[in-house]
Amino acid sequence: IYLMAMTTKTPAHTFHIPVMGLAFTIDSPVRVAHYGISSVISIIDDDIVEKMNSFYSRKFHFAYENISVKMEDYRARRITAYLNTVNRIVNQKFESFKQELAKNKELLDNYIQMLPNRSDLKKGLQQLTGQKEYLFEHIKSFLDRHLSAGNIDVNIMTKVDREQYNALGVLIEDGSDAVSALKAYADSDLFNSSVVFSAGMNPRLYNFLETCRAFDINENGSFTKKIIVKVSDYRSALIQGKYLAKKGIWISEFRIESGLNCGGHAFATDGYLMGPILEEFKQKKQELILSLFELYKPVQESKSGIKLTNPPPMIFSAQGGIGTSGEDAFLHQYYH
């Protein structure tokens, strides 16, 4: 009965690995996505991205084409190529990992121990492995239906947005750092993935986002590519959410960081700690969702022709200073 009730894929883990600098998590999906762990990579430095694409293409024996700085739109092309390489590697490793889990009971038992206790995936696997007869086909079928790879998410620091010029010194239209990175992500093969905007609002970037059809809602009410916005307080979420909603852009997740504890950034805030910030989101979460949906609904319907009756899903997450599973559980149970 329990196995029949599990009909959708839910994330295997309740945490993600955030972006760290330009390169510390540049290849984190290659290392952890097949375990179902989501992570975020920076796509601002195209030189690092190009070197990583060369390295991993050769390591996995993929065809590799050097994208020189002399080529037109080289920055966006480098980023798209690397994201496609990472996506290909993750899909390859994920399929191999599921095969190994189904064949190797010891490996599967170890993986089950990695999963959070309240995980439906963990409960389903425990039920299957607890049966007298261990059947490869049943395990593999269950994993195919319920286990998903971790998301390959990307980070764009919105204020890192210098102009770019071609070899003749002519300004490249839509070629600034942040805009070209967003364009590259939109053109990539990634799906069920998100772009994380951090460091505040950039009108030029958000105006370009309005033209990217990759972020439009699907007929089933979901998104192929989603938007995550990092905020330091409720007011910031409301302002940025309304700005994008009026353009027909839905924010699928607000990722909340304290201005005093957010990975090395220094924000000019009143110095509130995470507790009071999260409490305000807890109290006003539904109000925020409905107010943004009221602005989003007519614009998106005119763009796509899709009639919406309910707001698309919106997640609220906390980032920074979380070190134990107990703290993770507290955030879910108390702050929701």
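This is a predicted model: local features need pLDDT of at least 70, side-chain atom pairs count only at pLDDT 80 or more; totals for chains, interfaces and linings use all residues.

Which residue in β7 does F254 stand opposite? I looked, and F254 faces F316 there.

β6 covers residues 253-256 and is joined to β7 by four bridges, with the two strands running parallel. Then I zoomed out to the sheet. I found seven strands in an open sheet, ordered β1-β2-β3-β4-β5-β6-β7, with parallel pairing. β1 (16-17) and β7 (315-318) are the edge strands, each pairing on one side only. I also noted helix α10 (residues 234-245), which packs on the sheet and touches β5 (225-231) and β6. The direction of α10 makes about 150° with that of β5.

Back to F254. Leaving out neighbours within four places in sequence, I listed its contacts, among them V229, V231, A237, L288, L292 and F316. The largest nonpolar core has 67 residues, and F254 is one of the three that touch the most other members, along with I156 and F197. Helix α11 (residues 274-304) gives this core its largest share, nine residues. I found a second, separate core too, with 16 residues including F94, F97, A102 and L121.

L121 took me to helix α6 (residues 120-129). Which residues of α6 are buried? I got L121, K122, G124, L125, L128 and T129. They sit on the same side of α6, because they cover an arc of only 165° around the axis. Last entry: at the start of α6, a side-chain oxygen of S119 comes to within 3.2 Å of the backbone nitrogen of L121.

Note on methods. Residues are numbered from 1 along each chain as its sequence is written. Side-chain values use heavy atoms; hydrogens and water are left out. Buried means under 20% relative accessible area, exposed over 50%, partly exposed in between (1.4 Å probe, protein chains only). The arc is that of the directions from the helix axis to the C-beta atoms. A polar contact is a pair of N or O atoms within 3.5 Å; within protein, one must be able to donate a hydrogen and the other to accept it, and residues adjacent in sequence count only if both atoms are side-chain atoms. Two strands pair if DSSP finds at least two bridges between them. Contact means heavy atoms within 4.5 Å. Axes are lines fitted to C-alpha atoms, for helices over the stretch in contact, and angles run from 0 to 180 degrees between N-to-C directions. A nonpolar core is a set of buried Ala, Val, Leu, Ile, Met, Phe, Trp, Tyr and Cys residues joined through side-chain atoms within 4.5 Å.
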